[in-house]
Amino acid sequence: MKDKIKYIVAYIILFFLLFFELPYYIDAPGGLDNLNNRVEVENAYKAKGTINLTYVKEIKATPITSLIALINPNWKLEPKNTDDNGTLDYDEMMIRQQILNKQSYTSGIKFAYEAADKEVTIDEEYCYIIYLFEEADTDLKVGDQLKKFDGKEINKCSDLRKYIDEKQSGEEYEVEVLDGDKEKVRKVKLVDIEGTPMIGVQMATVYSLTTEPKYKFKFNSSEYGPSGGLMISLAVYNSLVETDITGGKTIAGTGTLEPDGTVGEIGGIEYKIKGAVKKKADIFFVPAGENYEDAKKLIEKNHYKIELVKVETFDDALNYLLDNVVKK
């Protein structure tokens, strides 16, 4: 009987160590996701090399994995609940993420087709609210698609800024929005921020595009984030042109792609670099700024054999490949 009790107790302890989830998660080096298998363009040209997304692997924190994270320099234990989200709750963060995904990827498609001199038409621009600052005095919600401000149509985000510039701080206005598929009227009171009348929101632009040739993605929304925008734009471009910009190399990188063509910074650069090195990537594109400085220090410290390329725009990345890979 005592032996049975010992086995039961041992089983319970083992189960706890292996499966009990702690209020943490673990960041670890990811790997490469070959976009040749993820982006499909009609009559695409073939590439000898690959253009790859990079990602951070997220591991459930159990007592065992947490212990490993404490002794493994490549794993980092992070609390699940932080105050980094500012005014946003979890659901709002998820909505924000989905909108930023669409912004980054539709911008990437647009720039790829334009650079390849292929047909791309912006059928419509959608302007969404993705963040409300603490100063905001409004009932606008994250995810609202802006349609009208004070009776004037909003066809793109810059329209709203133009309308507000004509107003005074302290004045109240109605904003017509789409909340999902429901039309609603919100209220805003313009606030003074550094001497300028503002609503106190952050907006994002998403395009509806018609392209020729057509394209489609072969992954779902849970498999990518906005940080893949730059690499997807390069992969689409390479499918549209006869010249193979990979030169037979393994190209990796990260960075959002904004509507103006700039490459935005991302999180988890350390784990993305380590994952790319492990998979023997030849070139790694990284956003200029803090991402680049952190990546450079990591590569120099560990003597990684990977070519780090700092980019500020889509054109920077494309021209680098044309000048330093294709021409060689």
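A: One definition before the helices: axes are lines fitted to C-alpha atoms, for helices over the stretch in contact, and angles run from 0 to 180 degrees between N-to-C directions. Also, this is a predicted model.

Q: Fine. At what angle do the axes of α6 and α7 cross?
A: Roughly 45°, with the axes of α6 (residues 269-278) and α7 (residues 290-302) coming within 9 Å. The two helices are therefore oblique to each other.

Q: And which hand is the crossing of α6 and α7?
A: Right-handed.

Q: Which residues make that contact?
A: From α6, Ile 269, Glu 270, Ile 273 and Lys 274. From α7, Asn 291, Asp 294, Ala 295, Leu 298 and Ile 299. Sorted by class, the contact of α6 with α7 has five nonpolar, one polar and three charged residues.

Q: What about α3 and α5, how do their axes cross?
A: At roughly 30°, and the axes of α3 (residues 90-115) and α5 (residues 229-240) come within 8 Å. The crossing of α3 and α5 is right-handed.

Q: Which residues of α3 and α5 make the contact?
A: On the α3 side, Ser 104, Tyr 105, Gly 108, Ile 109, Ala 112, Tyr 113 and Ala 115. On the α5 side, Gly 229, Ile 232, Ser 233, Val 236, Tyr 237 and Leu 240. The contact of α3 with α5 has nine nonpolar, four polar and no charged residues.

Q: Switching to strands. What is the order in the six-strand sheet?
A: β4-β1-β3-β15-β18-β19, an open sheet with mixed pairing. β4 (76-79) and β19 (307-311) stand at the edges with a single partner strand each, so one side of each has no neighbour in the sheet. On average, neighbouring strands are turned by 35° against each other, direction ignored.

Q: How many bridges join β18 to β19?
A: Five, and the two strands run parallel. For Pro 287, the bridge partner in β19 is Val 311.

Q: Which elements do Cys 127 and Cys 157 lie in?
A: Cys 127 is in strand β5 (residues 119-132) and Cys 157 in helix α4 (residues 157-165), so the pair ties together parts that are 30 residues apart in sequence.

How values were computed. Residues are numbered from 1 along each chain as its sequence is written. This is a predicted model: local features need pLDDT of at least 70, side-chain atom pairs count only at pLDDT 80 or more; totals for chains, interfaces and linings use all residues. Side-chain values use heavy atoms; hydrogens and water are left out. Helices (H or I, at least four residues) and strands (E, at least two) are DSSP runs, numbered from the N terminus. Angles under 35 degrees count as roughly parallel, over 145 as roughly antiparallel, 65 to 115 as roughly perpendicular and the rest as oblique. A crossing is left-handed if the near helix is turned anticlockwise from the far one by less than a right angle, and right-handed if clockwise. Contact means heavy atoms within 4.5 Å. Ala, Val, Leu, Ile, Met, Phe, Trp, Tyr, Cys and Pro count as nonpolar, Asp, Glu, Lys and Arg as charged, and the others, Gly among them, as polar. Two strands pair if DSSP finds at least two bridges between them.
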